[in-house]
Amino acid sequence: MGIAWPNKHQFAFTILDDTDWATVANVKPMYDLLATLGMRTTKSTWVFGGGENPLNQGMTCEDPAYREWLLNLQAQGFEIGLHNVAAGTSKRERIDQGLDIYRSLFGDENAVYSNHVGCLDNIYWGQYRVSAWRRKLYNLLTRGQHRYMSYGHKQKSHYFWGDLCQQYIRYVRNFVFNDLNALNVCPEMPYYDPKRPFVNFWFVSTDAGKVENFLNRFTRENIDQLVQQGGLCIAYVHFARGFVHDKQVHPRVRKSLEYIAAQNGWFAPVSTVLDFLRKEQTKEERTISTDRLSQLETRWLLNKMRYGPS
Ligand SMILES: [Zn+2]
């Protein structure tokens, strides 16, 4: 790839931690470790509790102790992203309020968003992640259950907030793969997809949602390869899902992260790394071709058929 990373770093590694089940108690040990290792990554949050049918809810910004802890993380250089405004579905008005609160707490420069399972306000999610024959195949595979689960981009819906997403969110997570080096899979990222215009730029990441996946993927061999390739890895994780037991980080997770930290890597938050790659280029300049997007969708779909949901 030959990317000249800042300060002569050989590669870049960061994390997007979706906030499912997260409490101060069950994820703080992870962040203490990352801080010690000199890694500054991205943790997502919810603004509100509840919403319609919340799934996997942990703490939200309504909890003063949690809020304080997030602000403290941000002051240390971590990025606080958004994982919808709540764990349950929200209508436009509440999303608008939530974005205001999120921005007043964490500032205007927090730019990373990921969709959360089950929220009808998700943007270009479910069947809308893929196009053409892939959408038909996706609906067959999911028995049509993901057809009606994403309205954030539908202008006539109560859940529409596409215009706000365009205004306030710079980067949205989409496809996940097993490979560590996201630039091998998608050298175009962060990319703009003209068929999904309410998202400014998309990025792909490495699926480590479960601790087992993290351990299987972040082997020394794979990390060595990432370094040799001068690549970028964005690990998509749920730190509240088995990464910490009895206030201790899983020993093998700790070893992997220590090994990564010992390499000459750039360990900055997701939007910092994506801003660096984008070089202030416009959407037009970062537009992915239809053929390349089709390849990406196909690869994701085949991966999903083999390994299950993400
Ligand atoms: Zn989630």
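Author: Buried means under 20% relative accessible area, exposed over 50%, and partly exposed in between (1.4 Å probe, protein chains only). This is a predicted model, where local features need pLDDT of at least 70, side-chain atom pairs count only at pLDDT 80 or more, and totals for chains, interfaces and linings use all residues. Residues are numbered from 1 along each chain as its sequence is written, and side-chain values use heavy atoms, with hydrogens and water left out.

Reader: Why is threonine 60 called buried?

Author: Its relative accessible area is 5%, which is under the limit, so threonine 60 is buried. Threonine 60 sits in the loop between strand 2 (42-45) and helix 2 (64-75). Helices (H or I, at least four residues) and strands (E, at least two) are DSSP runs, numbered from the N terminus. Leaving aside residues up to four places away in sequence, threonine 60 touches Trp46, Val47, Phe48, Gly49 and Tyr66. A contact here means heavy atoms within 4.5 Å.

Reader: Which atoms coordinate the zinc ion?

Author: Asp20 (OD), Asp20 (OD), His83 (NE2) and His116 (ND1) do, at 2.1 to 2.7 Å. Donors are N, O and S atoms within 2.8 Å of the metal (3.2 Å for Na, K and Ca); water is not among the atoms, so sites may look incomplete. Along the chain, the zinc donors follow the spacing D-x62-H-x32-H.

Reader: What makes the arrangement around the zinc ion irregular?

Author: The four donor atoms subtend angles of 52 to 145°. Four donors count as tetrahedral if all angles lie between 85 and 135 degrees; four count as square planar and six as octahedral if opposite donors are over 155 degrees apart and all others between 65 and 115; anything else is irregular. The zinc angles run from 52 to 145°, so the arrangement is irregular.

Reader: Which parts of the chain do aspartate 20 and histidine 116 tie together?

Author: Aspartate 20 lies in the loop between strand 1 (11-17) and helix 1 (24-36), and histidine 116 in the loop between strand 4 (112-113) and helix 4 (132-141), so the pair joins parts 96 residues apart in sequence. Both aspartate 20 and histidine 116 are buried.

Reader: How many aromatic pairs are there, and why is the pair of tyrosine 151 and tyrosine 159 called tilted?

Author: The structure holds 21 aromatic pairs. In this one, the ring centres of tyrosine 151 and tyrosine 159 are 6.0 Å apart and the planes meet at 50°, so the pair is tilted. Rings of Phe, Tyr and Trp (its six-membered ring) pair if their centres lie within 6.5 Å; planes under 30 degrees apart count as stacked, over 60 as edge-to-face and the rest as tilted. Tyrosine 151 is partly exposed at 23%, whereas tyrosine 159 counts as buried at 14%.

Reader: What makes the pair of tyrosine 171 and phenylalanine 201 tilted?

Author: The centres are 6.0 Å apart and the planes at 45°, so this pair is tilted. Tyrosine 171 lies in strand 5 (residues 171-177) and phenylalanine 201 in strand 6 (residues 201-208), so the pair ties together parts 30 residues apart in sequence. Tyrosine 171 is buried at 0% relative accessible area, and phenylalanine 201 is buried at 5%.

Reader: How do you know that the radius of gyration agrees with a compact globule?

Author: The radius is taken over C-alpha atoms, and the globule rule is 2.2 Å times the number of residues to the power 0.38. For 310 residues, a compact globule would come near 19 Å; the protein has 18 Å, which agrees. Buried residues make up 56% of the 310 residues.
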